[in-house]
Amino acid sequence: VPLSRYIYALGIRFIGTQSSQLIASAYKNVDAFLDALDEASTYSETSSNDDEDIKPPFALLFGGKEAEKVKGIGPSAISALVSFSKEETLMTAAKDLARSLKIYDVNVDVERDNPNTIGKESKESLSLPFQGMTIVFTGTLPGMSRISAQKAVTKLGAKST
């Protein structure tokens with residue numbers, strides 16, 4: 001199962017398919033994501049005011065500078081992730097689910113017809129032509145649906161809107 005589908009399957013409020021893909025891209029693997037949830041579960045607003053060394057939860061998503069923020073992940077999504085992390089039964093279920101599934105890292109190629117490729121880095125992920133770009137689709141696309149076009153540019157490394 002891809003990491004983004006695992007994150008989406010947790011059913012966290014405000015975390016849809018697009019947000020789960022952004023979160024997966026930021027954390028890269030299930031262990032890093034679960035570690036971020038664990039860190040968030042111990043965070044309290046009062047401790048952040050007393051000690052400047054304590055990072056806010058999900059600092060990787062909400063970076064200190066505007067340029068470091070992951071576009072598409074706002075305060076509501078961060079708050080929902082923190083709320084999820086504070087629920088012990090949900091965290092236990094999330095960890096149990098992660099242990100029972102094979103969750104693929106973000107840059108792993110999984111071909112259904114070739115099980116030998118599982119766990120190997122994708123050749124495509126090493127040099128994606130649209131890596132770091134955002135593609136905006138406006139108007140109509142002759143011969144292609146908007147969803148197909150978004151999937152195509154995503155496979156080439158771009159974010160689509």
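Predicted model: local features only at pLDDT ≥ 70, side-chain atom pairs only at ≥ 80, totals over all residues.
The protein chain contains 9 helices and 2 strands. Read from the N terminus, its elements follow the order α-α-α-α-α-α-α-α-β-α-β. Of its 161 residues, 29% count as buried. The accessible surface of the chain is about 10800 Å², and carbon and sulfur atoms account for 52% of this area. Among contacts with a separation of 6 or more, 56% join residues 24 or more positions apart.

The largest nonpolar core comprises 29 residues, of which Tyr-6, Ile-7, Ile-23, Phe-33, Phe-58, Leu-61 and Leu-81 touch the most other members. Two or more residues of this core come from each of helix H1 (3-9), H2, H3, helix H6 (75-85) and H7. Leu-81 has contacts with Ile-12, Ile-15, Ile-23, Phe-33, Leu-37, Phe-58 and Leu-61, with neighbours within four places in sequence left aside. Ile-23 is also one of the buried residues of helix H2 (residues 17-27), together with Ser-19, Ser-20, Leu-22, Ala-24 and Tyr-27. Lys-28 follows H2 and has a positive phi, near 70°.

Two packed helices are described by the angle and the distance between their axes. For helix H3 (residues 30-41) and helix H7 (residues 88-100), the axes come within 12 Å and cross at roughly 170°. H3 is therefore roughly antiparallel to H7, since angles over 145 degrees are classed in this way. On the H3 side, the contact involves Val-30, Leu-34, Leu-37 and Asp-38, which meet Met-91, Lys-95 and Ala-98 of H7. By class, this contact has 5 nonpolar and 2 charged residues, and no polar ones.

Notes: Residues numbered from 1 in each chain as written. Heavy atoms only, no water. Axes fitted to C-alpha atoms, helices over the stretch in contact; angles between N-to-C directions. Helix = DSSP H or I, 4+ residues; strand = E, 2+ residues; numbered from the N terminus. Parallel < 35°, antiparallel > 145°, perpendicular 65-115°, else oblique. Contact = heavy atoms within 4.5 Å. Nonpolar A, V, L, I, M, F, W, Y, C, P; charged D, E, K, R; others polar. Buried < 20%, exposed > 50% of the residue type's maximum accessible area, 1.4 Å probe, protein only. Core = buried A, V, L, I, M, F, W, Y, C linked by side-chain atoms within 4.5 Å. Areas by Shrake-Rupley, 256 points an atom, 1.4 Å probe, with all protein chains shown as cover.
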